[in-house]
Every structure is written in C-alpha cells, then in structure tokens.
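Notebook open, model loaded. I'm jotting down what I look up as I go.

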Amino acid sequence: MQNTKNYQKFGVLILSLITLLIFINIVYTALISIQKTNMPVSESKTISILTWKPIPTIIIDGFHKQYPGYYLNIERYPKTNYISFLNSKLQTDASVDLVEIPVEFYKDYINSDFLTPVTDISMLSRFWNEPVDFLKSVSGTKEIYGIPYQSDFQEFWYNQAIFEKYDLDPPNNIPNFYKACEVLSQANIPPLAIGLSDCRTAQNFLSALISEPALKGTSADEKTSIINAYQMLHKNYLNDTLFSMSNEQAFAAFLDSSYAMAFTSEDVTSQLSDSIMQKIDIQVTGIYIQNEDQTYVMGSPVDSVLCISSHSSNQDMCLEFLDYYTRYDTVKSYIDETKSTTNIQEYTINSSISKEWEQMRLSIPYPGWNNYHVSSFHSDNGKETLAQKLLCNIITPDEYIQQIQSGGGRNEAIR
C-alpha cells in the first residue's frame, strides 16, 4: 500500500516537471518571436528593392527557395516621377538595399556616391561586352556599379508580306520608314501601330525621328524633322486611335494585321508565340544612322541598372541576390516568363529575328540624349507629354521647340 502511494507521488512529480518544461518552452518561444518581430530593419533578413519594372514571380520564389532565411521586399513605383520617389528613398530611408537606376541618370547617382561598385568579376563575365562597355562610357569610369539587365533599342516591327507586295525596303532607317508610310497610306493600309498613350513611347519615337540630324549636329535639319513628325497626323501616317492605345494594345493590333508596322519596346515580345509566328510573316529591325564610315543604332544596350545602395546594411546579401539574378538558370526562367531579351541570353523567336537583335547589339549605340530629350522619369518638369502634344497637333513645332529649350537641356537626377 505504501509503495502504491510512493508511485503516485512520483507520477505527480513527473507530470509537474513535464508541465513546467512545456510552460518554459512556450514562454521562451514567445520571447524569441517578440525579439525577431522587434528586430531593427538593418538587422533583419529583409532585402528591400526599389524598382519600376516587375520582377517575375518565378525569380522571387526561386530566390526564397534557395535562401529561405531572406525575404525580398519589392517596392515598385510608376515610371512617371520615379526619380523623385528614388531620391526620397535614398536620402531618407536607410533600409533600401537595391535600386533600379534609369541608365540616363546612372552617372548622376555614381557622382553622388549613392551606389556601391560591383567587383565580382565572375558575375560581370556573364554579360556581353557591349552593355558593360556602354556603362563605362556613360559613367566615365572603369568601375561597374550594377547589373545591366535589359537593353533599350528602338525597333520597328513590320509585316514582310505587305512590304514585299509594295516593293518596300525594311524600315531600318527614317527615310525608309517615311517612304513606307507614304506608299501604305496611299494604298489605304494603316502604316504604323504605336502606343501613344504612353509619354515615354512618344518621346522615344520622336527622338528616333530626329536622330540623324541630332547625331550629326545639324540644327536646321532637326527642326525639319520635328515638322515632319508634326505632319504625320495630317498625312494619315498616324490616326487618332493610337493616342488612346498602350504599347501592348498597339502591338496586338499589329499582330492582328491591322497595321503594317509597329514601333515598340522590347518588353511587348511576351505577346509572341509559335502560333502567331506561323500565322503572320513579321520581322524586326533596329533604326540605323550612317555617319561617315560608322553605323549607329537608335537606343542603347542598357535600359536600366540594378544597383546596390551605398547605405545598405545588407551589402553581402545584395551581392548574393545579384549573383542569383544573373545565373543562367534564373535568366532562362526570366526569359521563359517574360519573352524578353536580356544582356546575358537572348530570347530567340526565330533565327532571322535573333540575327537582327545581334546586329543591334553589335552596332554603335546612339541613345538620343540630345537637346530635345525629355525624360519620362521626371513629371515635375511639366514637359513629359510634349512629344504626345506635338504628334497630336495640340502644339506646333515652334511651340514644341520653345518649350523644350526653355528647360535648359537634359534633366539631371540629383538636384
């Protein structure tokens, strides 16, 4: 009987000890959770990325899978007024780690000591020479301060069957483009699809139209080119519908054979597929300028640069992300999802289109940052829509020139 009571006391003691251990474990877990929640941003495992482009979900998920202890916080802002958002964050928010810099402002942020050089030779060796050399030329330094992921060449897509029917040369320069517009409009075929609801597209298009005299420095011819652009609406080279179209809608209309040509950016190639390529005979060309014995192409081999903020407390992990972002498998996933070209690996629709993209890459870039360039990344200058107003005939060529020149030339990023 006494033994039975002893066993009962011993059992109660064991249960009490187990209960106490469980309670201690619960309290300890709660304290750890509170400590993690209240951990300062600089000590957390969050990488903050500021961008205007979408980063595909497949890349985000892949990074989280490979680095489960880290979280990507992506802050995406619109292109319009992006520079103001970027400056505000860099100057007031120490938690920003990676930033996307428009290439036209790349040098400004280097000179302002906002960016950290990328010294990983193995990572930089994954890129073609052309974009890396372009960044060195733009910045005036041999150091590279980020990842030049995509290019920004200005392109005309065109329906080869229509061009062959009317014996037209490819629109690989502005004279050929205008000739095609003239012949096609006379045949009642809408010449050009372009998403003129986007101010950056309108600015890029106008820059392309005046690219040759701007490159050669002939101001009288620049004004003539602006007048020619103004007259496109009167000549039925453009129609009113285009001013309410996005890039995606305009390119879709071109693929539907509603237009003979399309002026667009590279990111719309996501609409292309094997079935479409079998249905319509299309080709792409860069816009080339011959100046003496050199051939230039309109645009640049770098659209933007993904950079590490010099104030980031996660420098090493930022390098890990850039390393992951530029690996072959990651790039392949990116291309499979976006159908876009990159500076590491091309998206090949067919061999002839791939060959044309390679020719653009190997030509001398002319980005068009001339006296008539207006950045769409600034909205506080009141001029980002001037190209749209000119093409829509809301303002005259003289008014356009006067309003552009009143701003004193190219915008600066840091003021």
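How many bridges join strand β7 to strand β9, and do they run parallel or antiparallel? I count four bridges between β7 (residues 155-159) and β9 (residues 261-264), and the two run antiparallel. For pairing I use DSSP, with at least two bridges between two strands. My strands are DSSP runs of E with at least two residues, my helices runs of H or I with at least four, and both are numbered from the N terminus.

**Ground rules.** This is a predicted model, so to speak of local features I need pLDDT of at least 70, and side-chain atom pairs count only at pLDDT 80 or more, while totals for chains, interfaces and linings use all residues. Residues are numbered from 1 along each chain as its sequence is written, and side-chain values use heavy atoms, with hydrogens and water left out.

**Whole chain.** I get 18 helices and 14 strands. Of the 415 residues, 51% count as buried; buried is under 20% relative accessible area, exposed is over 50%, and partly exposed is in between (1.4 Å probe, protein chains only). The accessible surface comes to about 19800 Å², with 50% belonging to carbon and sulfur atoms; the areas are Shrake-Rupley with a 1.4 Å probe, and for residues only the protein chains shown count as cover. Of the contacts (heavy atoms within 4.5 Å) between residues at least 6 apart in sequence, 75% join residues at least 24 apart.

**The sheet.** Four strands make an open, mixed sheet in the order β8-β9-β7-β10. The edges are β8 (192-193) and β10 (282-286), each pairing on one side only.

**Helices on the sheet.** Both α8 (residues 174-186) and α9 (residues 199-209) lie across β7, β8 and β9. Relative to β9, α8 runs at about 135 degrees and α9 at about 110 degrees. Axes here are lines fitted to C-alpha atoms, for helices over the stretch in contact, with angles from 0 to 180 degrees between N-to-C directions. The α8 and α9 axes come within 10 Å and cross at roughly 105 degrees.

Why do I call α9 largely enclosed? Because 11 of its 11 residues are buried, including Arg200 and Gln203.

**Gln150 and Asp152.** Gln150 is in the loop between β5 (147-148) and β6 (152-153), and at 11% relative accessibility it is buried. Its side chain makes a polar contact with the Tyr334 side chain at 3.1 Å. For me that term is an N or O pair within 3.5 Å; within protein one atom must be able to donate a hydrogen and the other to accept it, and residues adjacent in sequence count only if both atoms are side-chain atoms.

Asp152 sits in β6 and is buried too, at 18%. Leaving out neighbours within four places in sequence, its contacts include Arg200, Glu266 and Asp303. Asp152 and Ser304 are 152 residues apart in sequence, yet 8.5 Å apart C-alpha to C-alpha.

**Backbone check.** Asp113 has a positive phi of about 60 degrees without being a glycine, and Asn236 has one of about 65 degrees. Asp113 is exposed at 57%; Asn236 is exposed at 55%.
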